[in-house]
Structures are given as C-alpha cells and as structure tokens.
Amino acid sequence: MRKRRYSPIWTFLALLILALFLIFVVYPLVLILYKSVVNPADNSFTLENFTRFFTRKYYTNTLLNSFSVTVVSTLISATLGLVIAYITRQYKITGSKWLNICIVVSYLSPPFIGAYAWIQLLGRNGLFTRIINQLFGIHFGGIYGFAGIVLVFSLQSFPLVYMYVSGALQNLDNSLNEAAESLGANNFQRVTGIILPLVLPTVLASSLLVFMRVFSDFGTPMLIGEGYRTFPVVLYNQFMGEVTNDSYFAAALCVIIMAITLVFFFLQRYIASKHSYAMSALKPMLPRPQRPLPKALCHVFVYLVVLVALLPQLTVIVTSFLKESTPGIFTTELSLINYETIFSKNPRIIPNTYLFGLAAIALVVVLGVLISYLAVRRKSVITSTVDTLTMLPYIIPGSVLGICFLYAFAQPPLALTGTAMIIIISLTVRRMPYTIRSSTAIISQISPSIEEAAVSLGASEVRSFGEIMLPMMMPGVISGAIMSWVTVISELSSSIMLYRASTQTLTVAVYTEVIRDCFGNAAAYSTVLTVTSVLSLLLFFKLTGRRDISV
Amino acid sequence: MGVAIHVDNVTKAYGKNIVIQGLSAEIKPGEFFTLLGPSGCGKTTLLRMIIGFNTIEAGEIRVNDKVINTIPTNKRNMGMVFQNYAVFPHMSVRDNVAYGLKTRRIPKAERYRKADEILKLVKIDQYADRMPTQLSGGQQQRVALARAIVIEPEVLLMDEPLSNLDAKLRVEMRNVIKQIQHQIGITTVYVTHDQEEALAISDRIAVMNDGVIQQIGTPKHIYQRPANEFVSTFIGLSNLLDAECSGNVLSFEGGYQAPVRTLRDNVAGKVHVAVRPEEFTIHPESEAGIPATVNSSVFLGMTQHYFMTLNGGKEIEVVENSDLTDIIPDGSKVRLQIVPDKVNIFDAEKRTSLIREGV
C-alpha cells in the first residue's frame, strides 16, 4: 500500500511539541538522574546516595511505612469503591444522583485537607475525641500515625475506584446477567461468577492509580503522620529541610520513588492489557427489586460511607465561619473574620489560583488535542515519540516534578524559578497525560472517513481539522477540560515546591496556614476551593447531561 | 420429547402503559414457533415473559400445564439465545458452554464432556479453548446456541439471534438452528422481525402487531391466506386494490370483472383485493383487465419486475417469470388480470379476510 503524504505542517507541529517536551519533561528528568549518581566534589560517578539510603534503617523504614499505609489504604478503598458502585448500580438507592455528586466532591479535595480536617475531629483536641473521652471516660489520644493516614487516604481514594467501577458496570450489558440467570445461576453465583470477574480489571486498574497517588502523597502523612514517617515526607524534608539540604541525596530519593511508580505503572498496563474486555452495553443493568431489610441496610451503608467521606469538607466549611480563640481552637461564635483575613492578607491568592488554572487548562487542551490528533491520525516516528513522552509525567509524583523543575530552571537561559510560568508549566505537564488519553478516546470514535470526506469536498487538511474534527471533538474536550480544571486547582505537591509569596495558590495557602496552626484561615481558603470545585462540577454535569465522570 | 406452552390471556404493563393485553397462544410440544412482527409490536416482551425477565401482570403461562408465573428465571430450565449473543467475555468457549452445568453442580469432568459434545454438534469444537473475542459473530452465536441447549432445557428461546450477522451468515446460521432444533426436538420460541427468516425456519408463525397476535399458522398458510390486511402486507408484498363484490364476482375500475370461488357465503359490497405481484397476468390493451401503464422494469434473472401505475394513480408491482419474449417498454399501456383462486379478499371496513376456511 502506498503511504499517504500529509501536509508538512503536521511534521512541523510535531517537532515543535517534541522540542517542548524535551525541554520541560526530558531535560529535568535527565538532570535529576544525573544528579543522583554524580559526586559533587569531582563530578565522578557514584552510587553512594543509593547505598546510603538502602543501608540505613531510618530511610528503609520510611519505604516500609509507605508501602504498608499504601497497601492497606488501597485495599480499603478498592473494597469500599467496589461495594458502593455495585450497590448504586444494581439497586435503586434514593438520592443516588446527589450521592454520586457528593462522592465526586469528596474525591476532588486534596487529601491533606482531609488530614487536617480529621485532626479537627479526631485529633488530640478533636471534637469527636473529646466526646468519646467524656462518654467512656478514657484517654483516647487522637488518631495519628498509621491509623490516621489510612483513614484519610481510604476515604479520599475510594471515590476513584467507585467512579471507574461504576463506569464499567454501566458498560456491562444486562443480557450477560440474563444469560447467567437463564442458565440457572442464582444471585450469588451471578455476582461472583459474572459481574466480579468482568469488573475486576477495572478494580485493579483503579486500585493501582490509587496506589500511585497514595504512595507519592506527602501532605497527608506530613500533617497526621506525626512520628510515622513515610517516604515522601523524607523526600520533602530532605529537599526543603532547613537542617539538611543535600540536593544530590534528594535527587536519589526522587529516582527511587520514580522507579517504584514506574514498576506499578507497568504492572497496571500489563493487567489492563491482559484482562480488558471491550464491553459496550446495549441495555445497561436495570435496578433490581429488593426486600425491605436488605434495602434499608444498603441505604444505611451507602449514606454512612458518603457522610463520613464528606465530613472533612463539612468540617472545613463550618469552621471557616467560626472564630478562633487562640490559633487552632475554634469557639462557637459565628463570624466572617477568617474570610476578612484571607482577602486582606494576600489578595493575590485567589486570582492566582484561577489564573494559573485557566492558563494551564488552555495549554493542556490545545497541546493535548493536537498531540492526540497527531498520534492517532498522523502516525510517524516523531508523533509516536511525542505520544510516549507525554506518558512520562504520569509516573512522576508531583513533588518530584517540582524538585526537577527547581533544579532545571534555576539559572539562565531558562531562569523560571519563582515565576508564575513555572507553576503553570508544571500544572500543564502534570495534567497532560490524562487529557491526551481522553482526547485520544474522543478522536478514535470519529471515523477517519469523515475527514476524508471533507478533503474530498475540497477542504485542506488544516481546514478539515479546524472545521470538521475540532467541532466534533469539542463536547468531549470541554467536559474533559472542566475535570482538568477541578484537578489542577486542587494540586499541591508540585506547587508547594515551586511557589513564592507572589505565586501562592489556594492549596498552597491552605497548607501553609495549617502548618502555622492558622486553622481558621486554612478553613476559609479550603471553602473557597471547595465551592469552586462544586460549582465547576455542577457546570460539568449540566453541560454534559451526564451523571458520572472520569478523571 | 418437548413440552407444550400455554400462554393464557396474559397482560404486560409498564406502569399505566399496557404493552400486551389478554394475549393467548398455544405452542405445541417440539414445535418451532416464531413470533414475527415489526419492532415494538411486543414480541420480545412476550418472549421475556416466558423466560421470566418480565413480570406477568395478569393471566398465566403454563409449561406442560404447570403455571410458571412466579418461578424465578434461574429455576425455569429454559435456554435463551440473545440478540447480542451475551457470551461471557471472560470465559473460554468451553467454560461458557459449561456454565449452565456448573450452576447445576454437575461434576467438572462430566460438564466438560457434555460441553464438548454440544460444541461438536454446533461444529465449533475446534475453538473450545479460545476466548470469545477471538471468534467471529457467527461463531459466537454458535457458542450462545450451544450454551443454551447443553443444559437440556425444556424450552429454547431465541431473541432475534441472527440480526447482528451479515446476510450470508444469517442464511447459514438459520439452517444450523433449524437442523439442530429438529435433531433434539426441543420446543422453541423464536423472535424475529425478518419475515423471510420466519418463513424459512418455523413450523408455525404468530404474526404480531400492537401487542396483538394477528394470525397463527404455518408459513405457507400465513403467506397464502393472510387473516387480515396487516398480515397480507407485512408478509411478502401485496398490492391492495379497491373492488366491488356481488354474487361471487369482483368488479374493478375500468370495468374488469373476475369471478371468484373462494369467498364465504353472502359477501357483497366494497372489498379490498390483495394481489401479490406474481398473482397478476399481463395482457395487451385490447383484452379485458385493469388498465395500467408501465413506469419502469427490473430484470432479476429468474423474474421480471414491472412497476406500473393504475388509472387512479395507484402504484403497483407486477412480477412475471422471465421468458424469451421482449421486456415491455416503459410507457406501454397494458391490461392486468388477476389469478382469482390465489388472491385474498378483505372486508373494506374491518380489513379482515373474506376467504372461506380451508381453501
């Protein structure tokens, strides 16, 4: 077959994008790899940083700690997510539409906000702690360390599994259920023999996403971990610490955590490729009738879990309107003092958040659509390379990306440290893989002959892209952009590394206020963030007419 | 030996929307019974009531005189083949087929032996270890069929099983289904909207429209003696002509008269005459007949089709077996006569057949 010749503009665009990725992804990564194995004294090769890490119990213990909180949280998240997704898809749960929104909202807030809110509730001086201690006359010291971290991560991550599994269940054709029934399967046999195996790949894939998120999150263990040190905490301290600041050792830590996420990334890919069933439901599952008792139990369970998952958000919103007597201790007096403080203290924080978020979204959408178009419709060595490179940020934890950027762009010609630009770029890079994946899915659903028809009618390639492909892709792209927006404004781990006072964003402000025990301000900032997320989410549901989302 | 199914005065309603009201039918043991009708006529609804996916609001369904209304689907012992096959994507072909035996707690060796036997019967034993995604549509449908019959169900139900296949495969598979059904002698209820498929495969057909069975009969009977105008136009092609009937003579426009011997007693007044394209004969303008003008013609090898307009402006289709004479040119004026014994005559008001029983 003769290869079709495409307009050179695509090659030019592909090369341009490739150059951008080489500068902003590959170069920082290579630099950090280099730093991790170089001896600063004489620029010779050394593995000293790695041997130092793996031979000291202090460091290896943090890895073990990280793995145990991550494994336990992931297991709990997966179970909760799977069970709730199954119940809400298979039975009629009153108010399931609002439950769904609540679950998504509880997922969208950054995990560390959950950590600090749970300290308010179950910490040493927490509301629930005091109630429990008074009721039972005990001295419960609050939920810190392992239990606290697991609590926060589980509640914050099960929505991800829920969303994925719920989507998979929706694609499960009801005739599979009916076929099983007609072959004599009872309810238990049907669920264990048909439904579970079919959604298991989705459960595993989403669990691994949870695993990677939880493993590389440092805000939560930082706040609620106390003596329980996890790997990202050590990484953060190593880098930001005032006592020790060995950037070469920090680089080695970055490499170690990337190696781990890389392993899990490929594990996820392997599982996904081995057990993926292309399912599309002609007739999705219908709600089954239930007897009153099981029905009541299902309702209680789902509502309870969602309520507990939402508690941090509710706590934050309520406390944002309370006055503090001393820092960290809320009175019951209602006031707007916290809001007055945050608006007068650093008025740039909220505009910053919106501005950086919107700029990053604009970049992500334009580049994402172009890259996926090139990768799907203009396959070449260059576009395939770009496509592979764009997956890299997927495995780079946010804090590592922040560190990479700091090392890479500290001096001319690309002295970006401290600028708004570096934050926008880091947000763009972090979000890119998700946008490309969803755009690729959108493009694959549009038949190539549509474009060929446009060209046959006399449109140029660029014109057919602009007048035919883009408008067709727009609905999907816009809904993807709203989801990107919501995740970008709640990003903490790379911004926290890169911010200056002038480039603070909401999440950074919440974090720094929490660290300073200014819980009132933190609550006010978080509330602004939550309100923004919820409004964006409602806009998303309104625009798309959908009830489910994919992140 | 198959079982008999009695559908007795059943009603299906979704809330206030009644889909089927007071429908009755009797399906004989070992029979291949087809529910045929346009989409939305209630045929699938009825099938799903028989297997138990749909509740029955009133009336009852009996299998061998046992009422099954409240028996859950998984205890009914009926096999079903679905329109989209519904082959379990995570199981191999053999495991798919053996699944129904597994739920019946049949030992592993035994159920694989039986599964392999059936796979041979439907001629896909060479794919037993494959996953469904590696099979074509036709092969997947064979898996679905094997899976439904391996449990030795009392009744086999099929919901448009061939509609996702291409035309050639459809013909091949319907012969497979017919042959296997015949071989194991199982009572089968088959749903389709494809009349040719229904004619080819069924022992008897129930033609449905708007939730009502219009006629039940053998394929030949339904085609040749439709009970009403709906059946006559839905099965095959019928040209409906206005005529006046008196004393067993039909009078058409233009004065053409044809005596008929098939009418019931005392039929008189306005009637509709349903003439299939092959039930016309074409004559020169000088002879008696209904005046018509040839618009266009299509030569299909075995047959010669003419599209004509009657004087009143009605468009009709006429078919002749092709012979060596010249094709009548477009624009020609001709006269059409009917084959009186073959045509069907309907009451112009009630649109039901006026043909005597048994002719």
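This is a predicted model: local features need pLDDT of at least 70, side-chain atom pairs count only at pLDDT 80 or more; totals for chains, interfaces and linings use all residues.
## Chain B at a glance

Let's begin with chain B, which contains 8 helices and 20 strands. Along the principal axes, its C-alpha atoms fill a box of roughly 80 × 45 × 35 Å.

Of the 359 residues in chain B, 42% are buried. Contacts in this chain can also be sorted by how far apart the partners sit in sequence: among those between residues at least 6 apart, 66% join residues at least 24 apart.

## Where the chains touch

How many residues of chain A are in contact with chain B? On the chain A side there are 18, and they meet 19 residues of chain B. Two helices of chain A, α8 (174-182) and α9 (187-216), each supply at least two residues to the side that touches chain B. The largest share comes from α8(A), with 6 residues.

By type, this side of chain A divides into 10 nonpolar, 5 polar and 3 charged residues.

In soluble globular proteins, nonpolar side chains tend to be buried together. Here, the largest nonpolar core has 230 residues, and those with the most contacts inside it are L235(A), C254(A) and L157(B). Helix α7 of chain A (residues 145-170) gives the largest share of this core, 15 residues.

Leaving aside neighbours within four places in sequence, L235(A) is in contact with F218(A), A250(A), L253(A), C254(A), I257(A) and S399(A). Another core, of 25 residues, lies apart from the largest one; F252(B), A274(B), F280(B) and V334(B) are among its members.

## A pair of packed helices in chain A

Two packed helices are described by the angle between their axes and the distance between the axes. In chain A, helix α15 (residues 349-377) packs with helix α20 (residues 461-489) at an angle of about 140 degrees, and their axes are 9 Å apart. The two helices, α15(A) and α20(A), are therefore oblique to each other, and their crossing is right-handed.

Which residues meet here? From α15(A) come T353(A), G357(A), A360(A), I361(A), V364(A), V365(A), V369(A) and Y373(A). Their partners in α20(A) are F465(A), M469(A), M473(A), V477(A), A481(A), S484(A), W485(A), V488(A) and I489(A). The residues of this contact divide into 14 nonpolar and 3 polar, with no charged ones.

Note on methods:
Residues are numbered from 1 along each chain as its sequence is written. Chains are lettered from A and ligands numbered from 1 in the order in which they are written. Axes are lines fitted to C-alpha atoms, for helices over the stretch in contact, and angles run from 0 to 180 degrees between N-to-C directions. Helices (H or I, at least four residues) and strands (E, at least two) are DSSP runs, numbered from the N terminus. Angles under 35 degrees count as roughly parallel, over 145 as roughly antiparallel, 65 to 115 as roughly perpendicular and the rest as oblique. A crossing is left-handed if the near helix is turned anticlockwise from the far one by less than a right angle, and right-handed if clockwise. Two residues are in contact if their C-beta atoms, placed from the backbone, lie within 7 Å. Ala, Val, Leu, Ile, Met, Phe, Trp, Tyr, Cys and Pro count as nonpolar, Asp, Glu, Lys and Arg as charged, and the others, Gly among them, as polar. A nonpolar core is a set of buried Ala, Val, Leu, Ile, Met, Phe, Trp, Tyr and Cys residues joined through C-beta atoms within 7 Å. A residue is buried if 20 or more other C-beta atoms lie within 10 Å of its own, exposed if 12 or fewer, and partly exposed in between; C-beta atoms are placed from the backbone.
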